[in-house]
Amino acid sequence: AHAAAEAATAEAPVPGGEEVQATRLARPLRVVVSTGDVSGEMHAAALVRALRAAARAAGVSLEVVACGAQGGALSEAGASIIADTGGTSSIGLAEALPHVVPAYLAQRRARAALLLRPPDAACLIDYPGVNVPFGEWLHKAVSSCRQCYYVPPNEWLLTDRRTPQIVRNTHKLLAVYPGEASHYAEFGAAVTSVGHPLADAVASAPSREEARRAMGAAPGDAIIALVPASRAQELTLVLPPLAEAAARLRARVAASAEPGCTCRVVVPLADARLKSTLRSALSRHGLADAMIVSGRKEALAALAAADVALCKTGSVNLELALLGVPQVAAYRVGTATAFIARRLLKFRPVHVSLANLILEDTAHPEFVQEAADDAAAIADAAWAQLADGEARGATLRAYARLRAMLGGPGAAKRAADEVLLSALEGYRRRIPRDWLDGGTRAAEGAASWAA
């Protein structure tokens, strides 16, 4: 069995330039991808498409299974969903409670499936509350599996409490910007810098002029992007002050606009399941006529067309920065979560907006917790980004620095090449083990090998 395994793997993929080159394998390479939030799903789908393309180019058969939203972007990219994690992401302690049971059941299904068909490689994408313990389990349960962490958790910017655990279980950490690479390397991780996947997404966005023309905006018209929620909890905690601020800002812009010019509010929506609730909430804040835009391509175009954005914290901060759209960010969690974080965990970050965190500077204003309830102050800060040339210019210069840090397009392809190489390594470790496991699996392996 070992001799046959050596003969089979001798012709397996090896790195050649930027691609993996291969001829023949005894079975398809198996890769599992795990994520659970909207932005992670987007990055995972791009990775799966790049993985499949790399495998085709190398002449390798590939099976990709995933923990992700059933019927979402991952499914469309060609992954088979083994556990539905859609809608299980949250931020905060009390806010996570409704998702504990669904996330636990999804993990049980995933783990059972992976024990039946062990993967050669795993690619974990963000989603640390689930992926960090999942990686720990996978490291012990399927020791031959090579783990990659792509878009690793940004929580190290606030605390390095889980960094040693991530490093211990990860064979290859795919860093998306230099500071992240340096941090994990200091803890002993095998780091490969691949660049940030949002650079790929933004590269496909229309120019500001094209986006505005498609929306029918005249040169003197103002467009305010309102991005209040990608999770259900944010519709009640973050949307109200941001929507009120948007209504105030629109009134102020309209009052100062030249005759015939308009000011509209557009709301890009990442999760279409929130649309009806979002529409009702906007109506309560005087924004019944706001344009809700869903669909990844359409949402990106809406952001590109904006003069200023009022937004939650998260990946959207980086998207707006890469598009060159000044923003004001706000976020708040529930009162109980805030109390525990401050009093017990001593959690008092200087920044929470992702762009500011990475830059370690205040590129744009942000309002956190109690400050996020002050809609008038948020509107004033957004007005300054519109009307104050100096403030707007400072923000755009900071964004230029951020773009240089995040790198250019191609992150998904670079990450896919690394995952494919890791799958080959896991395959080489796994083939002899398949023969030694005994029972049905050995019989199935013999039959498969003979075929």
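Student: Which residues in α4 meet which residues in α5?
Tutor: One note before that: this is a predicted model. From α4, the residues are A103, Q107, R111, L114 and L115. They meet V130, P133, F134, W137, L138 and A141 in α5. By class, the residues of this α4 and α5 contact are nine nonpolar, one polar and one charged.

Student: At what angle do α4 and α5 pack, and how far apart are their axes?
Tutor: The angle is about 25 degrees, and the axes are 12 Å apart. Here α4 is residues 100-116 and α5 is residues 128-141.

Student: Are α4 and α5 roughly parallel or roughly perpendicular to each other?
Tutor: Roughly parallel, because angles under 35 degrees get that label. The crossing of α4 and α5 is right-handed.

Student: What lines the largest cavity?
Tutor: The lining is L124, N131, V132, G135, Q147, Y149, Q165, I166, N169 and T170. That makes four nonpolar, six polar and no charged residues.

Student: Which elements each supply at least two residues of that lining?
Tutor: There are α5, β7 (146-150) and α6 (163-169).

Student: Which residues in α11 and α17 meet?
Tutor: On α11, they are P241, L242, E244, A245, R248, L249, R252, V253 and S256. On α17, they are A375, A376, I378, A379, D380, A382, W383 and L386. The residues of this α11 and α17 contact divide into twelve nonpolar, one polar and four charged.

Student: One more pair. At what angle do α14 and α18 cross?
Tutor: Roughly 110 degrees, and the axes come within 8 Å. α14 is residues 315-323, and α18 is residues 389-406. α14 and α18 are therefore roughly perpendicular to each other.

Student: And which residues in α14 and α18 meet?
Tutor: L318, L320, A321 and L322 in α14 meet Y399, L402, R403 and L406 in α18. By class, the α14 and α18 contact has seven nonpolar residues, no polar ones and one charged.

Note on methods
Residues numbered from 1 in each chain as written. Predicted model: local features only at pLDDT ≥ 70, side-chain atom pairs only at ≥ 80, totals over all residues. Heavy atoms only, no water. Axes fitted to C-alpha atoms, helices over the stretch in contact; angles between N-to-C directions. Helix = DSSP H or I, 4+ residues; strand = E, 2+ residues; numbered from the N terminus. Parallel < 35°, antiparallel > 145°, perpendicular 65-115°, else oblique. Left-handed = near helix turned anticlockwise from the far one by under 90°. Contact = heavy atoms within 4.5 Å. Nonpolar A, V, L, I, M, F, W, Y, C, P; charged D, E, K, R; others polar. 1 Å grid on protein atoms, 1.4 Å probe; cavity = no way out; pocket = protein on both sides within 12 Å on 5 of 7 lines; lining within 4 Å.
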